[in-house]
Structures are given as structure tokens and as C-alpha cells.
Amino acid sequence: MPLQPPRLPLRFFRWFCDPALADSIEGDLHELFRKRVQRSGVRKARLLFVIDVLLLFRPGIIRSRTASYPTNHLTMIRNYLLIGWRNLLRHRLYSAIKIAGFAIGLTACMLIALYVTDETSYDRHYPEAERIYRVIGVNSLGGDPIRGVPFPAPMAAALKSDFPEIQEAGRYNPSELFGAGHAEIRAAGELENAFETGVLYFDQELLDIFQPTFVYGNPAQALTKPKSIVITRRKAERYFPNEDPVGKAMVLNNDDANPYVVGGVIENFPAQSHLQADFLIGTRGLAFWKDEQADWGASNYVIYVKLRPGADVVSLEKKTTRGIIENYVIPALRKDGVPDAELAKISGKAWLELQPVTDIH
């Protein structure tokens with residue numbers, strides 16, 4: 001069933017609107033509401049619908065009430081208005097203070113409402129956002145729990161393969177140690193570099209989870225090949241104006257021998273997104289050192305998972321904690337020479353949490 005605008009403002013509109021105009025105006029209101037839901041989300045669309053109805057409450061649209069109001073009733077109203085106007089003129093300073101105070105209060109309320117609406121709309125634009133979670137690691141070995149989001153490179157694949165409740169798992173690497181964050185970039189064939197920020201190493205699986213809107217390219221294959229890169233619309237317009245850049249090369253940090261091929265162009269990340277980047281470098285075939293992608297001893301990747309419908313989050317947190325720590329973390333530490341007495345302290349002192357993506361901001 002399609003989303004409907006708020007009932008109370010709609011009933012108010014039907015009450016005051018001239019019946020000769022009601023059908024056409026109400027149809028326009030419904031159509032505008034649906035477009036706003038798709039573009040800005042349900043909450044903002046409902047707020048704007050209320051504002052639209054209030055703005056329509058004006059002469060020319062309000063239905064005629066002449067027949068239902070006796071002449072003496074209208075005369076009384078005119079007298080009230082005349083008396084009110086005379087009082088305003090008689091007490092000008094007091095009236096100015098009252099009117100200014102009311103205007104400031106009303107403006108403040110509207111600004112607060114807009115601010116709250118904006119803040120609560122973060123990360124709700126992803127398709128099926130209610131099934132997307134960020135993995136958080138908690139360590140209380142030193143006393144107070146310490147939370148962090150970096151994890152070893154192979155952990156995302158382990159989560160997906162070992163826990164059927166997880167439909168997809170993907171990572172990005174924001175570490176400046178490996179060149180993330182910023183880079184000197186130019187289109188292949190150009191001579192002048194531009195210093196760019198917003199550079200991330202990004203899994204194809206993460207594109208599958210967040211499903212950003214693609215302007216050019218195949219969303220399912222944009223980062224599947226080694227040395228692939230996905231860029232945002234604003235950067236495509238800068239480096240490849242008025243053309244489809246898919247298949248074209250870009251050079252990072254003057255490394256002409258290893259160009260990156262554009263696999264797709266996505267819409268700019270909206271302001272209401274905790275993720276902000278313009279260059280997503282694919283991780284297929286990537287290793288920052290030998291066997292890095294199988295190394296459980298270093299934590300450089302932020303991991304997101306998309307759960308299957310109906311998955312029990314609390315139960316899954318317990319299962320992933322036990323499975324990842326016992327099957328991967330402890331064996332890796334034992335291999336590195338950590339004594340069993342120290343490994344025994346990890347039990348109950350470290351665990352995993354799943355944070356809804358809509359709670360991150």
C-alpha cells in the first residue's frame with residue numbers, strides 16, 4: 001500500500017477548501033508528497049505536506065461561508081478586528097514587542113523542527129537500511145570497555161561464510177598508511193594533477209550492500225576487476241566533462257605504470273550520510289603486504305553486514321563473538337606465540353556488536 005500523507009492536515013484541507021477546487025489541488029498535493037518521499041524521505045515529506053496545506057489556507061481557495069454566517073455575526077467580527085487594530089496603534093511599543101516575540105518564537109520552532117528532521121534522516125536513504133549494520137569490536141581487557149571499528153582483512157569473508165544469517169559482508173579501508181584519505185589524481189593523458197580528498201579502498205560487496213545510484217556503469221561489476229575505481233558524479237564532471245568515463249584510466253600519485261580504470265560513476269553521497277567519499281578504489285587483487293588479505297594480526301578494515309530478513313540480531317552477536325574469537329582470533333594469537341594463560345583472559349572480555357547503520361550519526 002503506497003505511503004499516504006498525514007491524515008489531520010489532509011482533513012483540515014478538505015474542510016476549508018472550495019469543493020470546486022478540492023479534487024485537482026488534492027491530487028497535486030498527493031503527487032508532490034510521493035515525489036518528496038522518494039527524494040527526501042518520509043519525515044521530511046510529511047513536514048513539507050503540512051506546510052503546503054497551511055500555505056493554501058488563503059482567500060480564493062477557502063470555501064465560501066456566506067450562507068452560514070448571519071450578518072450580525074460578520075459585523076461582530078469586523079468590530080473585533082477594528083478594536084484590535086486600534087489597540088495595536090494605541091500601544092505600539094507593547095504590540096511591537098509581542099509581535100516580534102511571537103515571530104521569533106515561531107521562527108525558532110520551525111528552525112528546530114527542520115534541524116531535528118535533518119539530523120534524524122541520516123543514513124536512511126539506503127535501500128533496506130533496516131538490515132544494514134556496522135560491526136563494532138569491544139575490548140574490556142584493560143577495564144572500561146573500548147569500542148572500535150577496524151578489523152582484520154579476512155574477517156568479512158569469515159562472517160559471510162560462517163553465519164547464514166548474514167547475506168552480505170563488505171569492507172572499506174580508510175587508513176592513510178596505505179594511501180587512503182587523499183591522493184594526487186589526474187585523468188590518463190593529462191599533465192596536471194589535482195590534490196583530492198575522499199579516497200577509500202572499497203569492496204564490491206560494499207557497493208552491493210549500500211546500492212548507491214549509478215550514473216554510468218554496471219553496479220554489479222564496477223569494482224570486480226583489479227585496479228578498478230568508482231567515482232562520484234561531481235568528479236566525473238571535473239575529469240571527464242560531458243562524457244561517459246567508464247573504461248577510461250586515471251593516474252594516482254603519478255604512478256603511470258599502474259593506472260586505475262573507471263568501473264562506474266555514482267551519484268554524490270548525500271549530506272545525510274556518514275560515508276563521504278569521491279573515489280572508491282577496488283580491493284580485488286589488492287594486498288598491502290604479502291598475505292595481507294589472510295592476516296588476522298592487523299586491523300585496518302571497517303566492516304558492514306547486511307542481514308537476511310528476520311535475522312535475530314542479539315543471537316547473531318553472540319554467535320559471531322564466539323565463532324570469530326574462538327575459530328580465528330585465538331588461533332592466530334596462539335600462532336604468534338601468545339601463551340594460553342593470556343588467551344584464556346579474552347573469553348568474556350571481548351565481544352562483537354552490530355550497530356544499525358541508521359544509528360551511526
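Hi everyone, let me start with Asp291, which is exposed, with a relative accessible area of 55%. In this talk, buried means under 20% relative accessible area, exposed means over 50%, and partly exposed lies in between, using a 1.4 Å probe and protein chains only. Before we go on, this is a predicted model, so local features need pLDDT of at least 70, side-chain atom pairs count only at pLDDT 80 or more, and totals for chains, interfaces and linings use all residues. Residues are numbered from 1 along each chain as its sequence is written, and side-chain values use heavy atoms, leaving out hydrogens and water.

Back to Asp291. Its place is in the loop between β12 (279–282) and β13. Asp291 is not a glycine, yet its phi is positive, about 60 degrees. Gln211 also has a positive phi without being a glycine, near 50 degrees. You can find Gln211 in the loop between α7 (204–210) and β8 (214–217). Is Gln211 buried, partly exposed or exposed? Gln211 is partly exposed, with a relative accessible area of 36%.

Now the whole protein. How many helices and strands does the protein have? There are ten helices and 14 strands. Helices are DSSP runs of H or I with at least four residues, strands are runs of E with at least two, and both are numbered from the N terminus. Along the principal axes, the C-alpha atoms fill a box of roughly 95 × 55 × 45 Å. The radius of gyration is 29 Å, whereas a compact globule of 361 residues would have one near 21 Å. That radius is taken over C-alpha atoms, and the globule rule is 2.2 Å times the number of residues to the power 0.38.

Of the 361 residues, 37% are buried. The protein exposes about 21200 Å², with carbon and sulfur atoms supplying 57% of that area. Accessible areas come from the Shrake-Rupley method with a 1.4 Å probe, and for residues only the protein chains shown count as cover. As for contacts, which are heavy atoms within 4.5 Å, take those with a separation of 6 or more: residues 24 or more positions apart account for 73% of them.

Next, please find helix α9, residues 313–335. Helix α9 has 23 residues and reaches 31 Å from its first C-alpha to its last, close to the 33 Å expected at 1.5 Å a residue. The expected span is 1.5 Å times one less than the number of residues. Where does α9 bend? The bend is at Ile325, by about 40 degrees. A bend is the angle between axes fitted to the seven residues ending at a residue and the seven starting there.

Ile325 is also one of the buried residues of α9, which include Leu316, Thr320 and Ala332. The elements covering the buried residues include α6 (155–162), β4 (166–173) and β14 (350–356). At the N-terminal end, Asp312 caps α9, with a side-chain oxygen 3.2 Å from the backbone nitrogen of Val314. After α9 comes Gly337, whose phi is positive, near 95 degrees.

Now for two buried residues with polar side-chain partners. Thr232 lies in strand β9 (residues 228–232), and it is buried, with a relative accessible area of 1%. Which side chain makes a polar contact with the side chain of Thr232? The partner is Asp278, at 2.7 Å. A polar contact is a pair of N or O atoms within 3.5 Å; within protein, one must be able to donate a hydrogen and the other to accept it, and residues adjacent in sequence count only if both atoms are side-chain atoms. Leaving aside neighbours within four places in sequence, Thr232 is in contact with residues including Val265, Glu267 and Asp278.

Lys235 sits in helix α8 (residues 233–239) and is buried, with a relative accessible area of 12%. The side chains of Lys235 and Glu196 are joined by a polar contact of 2.9 Å. Not counting residues up to four places away in sequence, Lys235 touches Glu196, Phe240, Asp278 and Phe279.

Last stop: helix α4, residues 71–90, where Leu82 lies. Leu82 is partly exposed, with a relative accessible area of 37%. Leu81 is in helix α4 too, and is exposed, at 60%. From C-alpha to C-alpha, Leu81 and Val265 are 61 Å apart in space, and 184 residues separate them in sequence.
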